[in-house]
Amino acid sequence: MLIALSVFLAYGYYAYSAYKEAFDTENKPYKRIIGYIDQDKALLNTEYKLCDKGFIQRTYNGAGLDAYAINKKEFRDQLNTTFKTTDYNDSGYLNYRFLVNCEGNAGWFEIIEMNLDLEEQKLNPKLVNQLLEFTSNSKHWNILTYTQDNTPYNYYMYVSYRIENGKITEIIP
Amino acid sequence: MLFSCGSETSKSLKEKQDLARVTYKAAIQFRQGSTPFQNGIAEAVSLDSTYQEAVYELSVADLKRGLPHRWLPQYNKAVKLDSAQRIPWRGYLYLWFYRDYKKAITDFDASDILTPYVDYPQGHSVDYWRGVAYLGLKDYKMSNFYLEKDIQREIEASGEDYVESTAFLYNGISYFENEQFDKALINFDKVLKYSNNSSSDAKYYKASISFKQNKIEKARKEIEAAILDFENGYYNQRGYVETLRQLYSQDFNLLKTTIN
């Protein structure tokens, strides 16, 4: 009985140590979860506050279609009425990665500017700012809630615009 | 270093490869993209740089979380290790995550040369995916060509009831766009046949055709049925991203208003 208990405790200690070791990032290449947004460095990071002690949901792949207020068609239609395609001739992808708090307010933005080969490349700053202004407008984003008690939560979202000769041809996801 | 023991340099190639697989399996127990997941897999790759599955897996979280500039260079390392598997797969990713239809088709076409058999990245033949990609490009003739090819192959191999219903749907949409309404209707009816008569998409397009053919009363009934299916959740969608030609409530309402 004593031997069995000792073996059990030794195994438990080993498993715990291995688990702890797995989360240790010292001298390892990945210091943060993939997709981590550094809130101190992010754009538009002061206007709103995160709820629930800053806990962020939907970090696996973003909130996707659930995030668009009304639905994605509404988002696309709104964009088409505000975005002037004649102002630019850029081509590439413009990705906005951001957080939406439990009140549906968007902030904490990171921007990735790329060419159509998905390589980082600067795009027209006016285009980048115009789409930042549009994307960061909180009216486009839903308040998302836990199904069990309807409590709202903070979530991660990204929007990728595919742009060809100044025209937005695709919005992803 | 969960399972490592002994000197790294003294291990044989076989021992390193075995240890890489054990390390990888331990790492993927953690959440994809988390630090123990990524670092564990990175360790597996450091033990065996030819471990394609691990090299590929390091790219996936970047893809899903909107970091394409990091995804592609890592993904292409896996392509170098197994181009036959990863090029058609990359076509699938270009298609859905980047809506780059031309690059997707290039990768699907490459699979014709890379392997003597028809590839099935993510569960569907490259012909199915080419049909979808050409629909995205608005090249409806080519879309129909590849979807017909896919449908025929599946019928011959397993029977019509084994054909993916979205193959009929997209095939119907491409025929619809080319105003080949008879062929479009055949495909939309197949969608309904194999989905217990529940598909708001198929019914939406049937209503559109009826309207274009001036069969107004028929169109009215079809759009009402389409709306009911939509409200009950029977509409074409997919995980992670919007699907091609995804329909929304506004689309149904607009068609209903137009018909009436």
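Mentor: Chain B has a radius of gyration of 23 Å, whereas a compact globule of 260 residues would have one near 18 Å. Bear in mind that this is a predicted model.

Trainee: What box do the C-alpha atoms of chain B fill?

Mentor: Along the principal axes, the box is roughly 80 × 35 × 30 Å. As for burial, 46% of the 260 residues of chain B count as buried.

Trainee: How many helices and how many strands are there in chain B?

Mentor: Chain B has 13 helices and zero strands. Its pattern along the sequence is α-α-α-α-α-α-α-α-α-α-α-α-α. Among its contacts between residues at least 6 apart in sequence, 48% join residues at least 24 apart.

Trainee: How should I read a single helix, say H8(B)?

Mentor: Start with its span. H8(B), residues 140-158, has 19 residues and reaches 26 Å from its first C-alpha to its last, close to the expected 27 Å. Just after H8(B) comes Gly159(B), with a positive phi of about 110 degrees.

Trainee: Which residues of H8(B) are buried?

Mentor: They are Ser143(B), Asn144(B), Tyr146(B), Leu147(B), Asp150(B), Ile151(B) and Glu154(B). The cover over these buried residues includes helix H7 (126-136) and helix H9 (165-177) of chain B.

Trainee: Which residues touch the most other members of the largest nonpolar core?

Mentor: The general idea is that nonpolar side chains tend to be buried together in soluble globular proteins. Here the largest nonpolar core has 93 residues, and those touching the most other members are Met157(A), Ala44(B), Ala54(B), Leu95(B) and Ala133(B). Take Ala44(B): leaving aside residues up to four places away in sequence, it touches Ala20(B), Thr23(B), Tyr24(B), Ala27(B), Tyr51(B) and Ala54(B).

Trainee: How many residues does each chain bring to the contact?

Mentor: Chain B brings 28 residues and chain A brings 34 residues. On the side of chain B, the elements giving two or more residues are helix H2 (35-47), helix H3 (52-64), helix H4 (68-81) and helix H13 (249-259). H2(B) gives the most, with six residues. By class, that side of chain B has 13 nonpolar, ten polar and five charged residues.

Trainee: In what sense do strands S2 and S3 of chain A pair?

Mentor: In general, side chains alternate between the two faces of the sheet in a regular strand. In chain A, S2 (residues 92-100) and S3 (residues 106-114) pair in the antiparallel sense over seven bridges. Asn95(A) has Ile112(A) in S3(A) as its bridge partner. Five residues lie between the strands of this hairpin, where Gly104(A) takes a positive phi near 85 degrees.

Terms used:
Residues are numbered from 1 along each chain as its sequence is written. Chains are lettered from A and ligands numbered from 1 in the order in which they are written. This is a predicted model: local features need pLDDT of at least 70, side-chain atom pairs count only at pLDDT 80 or more; totals for chains, interfaces and linings use all residues. Two residues are in contact if their C-beta atoms, placed from the backbone, lie within 7 Å. Helices (H or I, at least four residues) and strands (E, at least two) are DSSP runs, numbered from the N terminus. Ala, Val, Leu, Ile, Met, Phe, Trp, Tyr, Cys and Pro count as nonpolar, Asp, Glu, Lys and Arg as charged, and the others, Gly among them, as polar. The radius of gyration is taken over C-alpha atoms; the globule rule is 2.2 Å times the number of residues to the power 0.38. A residue is buried if 20 or more other C-beta atoms lie within 10 Å of its own, exposed if 12 or fewer, and partly exposed in between; C-beta atoms are placed from the backbone. A nonpolar core is a set of buried Ala, Val, Leu, Ile, Met, Phe, Trp, Tyr and Cys residues joined through C-beta atoms within 7 Å. Two strands pair if DSSP finds at least two bridges between them. The expected span of a helix is 1.5 Å times one less than its number of residues.
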